[in-house]
Amino acid sequence: GATIVCSGKVDIDPTAAGATELGISLPVSSNFGALEDCAGTAVGLTIATIGAAILADTTSDRASLQFVAVDTGNKSFYYTFTYQVI
């Protein structure tokens with residue numbers, strides 16, 4: 001399969017403090033079987049200590065950006081992730 005690299009920016013408004021997840025549609029479909037089939041990171045622009053993990057959503061076959069929100073304010077993340085078309 002082909003290896004796909006994605007990057008971009010997303011603004012997230014958490015509905016509550018705590019575990020937060022955003023699903024990201026894939027530009028080229030893949031059939032994820034394990035969390036590590038997609039991997040990457042995201043960094044918050046306005047908050048120096050906020051980061052996020054990106055892993056495979058094996059149920060919906062999309063990328064899953066996950067972080068712990070400390071409040072409900074808007075967060076801008078710049079992200080990159082890689083996956084292989086399976």
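Arginine 62 and aspartate 57 are joined by a salt bridge in which the closest N and O atoms lie 3.0 Å apart; a salt bridge is a side-chain nitrogen of Lys or Arg within 4 Å of a carboxyl oxygen of Asp or Glu. The structure is a predicted model, in which local features need pLDDT of at least 70 and side-chain atom pairs count only at pLDDT 80 or more, whereas totals for chains, interfaces and linings use all residues. Residues are numbered from 1 along each chain as its sequence is written, and side-chain values use heavy atoms, with hydrogens and water left out.

A search of the whole structure gives 3 salt bridges. In the one formed by arginine 62 and aspartate 57, arginine 62 is partly exposed at 31% relative accessibility, while aspartate 57 is buried at 11% (buried means under 20% relative accessible area, exposed over 50%, partly exposed in between, with a 1.4 Å probe and protein chains only). Lysine 75 forms a salt bridge with aspartate 71, with 2.3 Å between the closest N and O atoms. Here lysine 75 is buried, at 3% relative accessibility, and aspartate 71 is partly exposed, at 35%. A salt bridge also links the side chains of lysine 9 and aspartate 11 (3.3 Å, N to O); lysine 9 is partly exposed at 42%, as is aspartate 11 at 43%.

Beyond its neighbours within four places in sequence, phenylalanine 67 is in contact (heavy atoms within 4.5 Å) with residues including Ile12, Pro14, Ile50 and Phe77.

Strands pair if DSSP finds at least two bridges between them. S3 and S6 run antiparallel and are joined by 7 bridges, with phenylalanine 77 in S6 as the bridge partner of glycine 44. S3 also pairs with S4 in the antiparallel sense, over 5 bridges, and threonine 41 stands opposite alanine 53 in S4.

The search of the whole structure finds 0 disulfides (pairs of cysteine sulfur atoms within 2.5 Å). For cysteine 6, the nearest cysteine sulfur is that of cysteine 38, 7.6 Å away. Cysteine 6 is buried at 10% relative accessible area, and cysteine 38 is buried at 1%.

Methods. Helix = DSSP H or I, 4+ residues; strand = E, 2+ residues; numbered from the N terminus.
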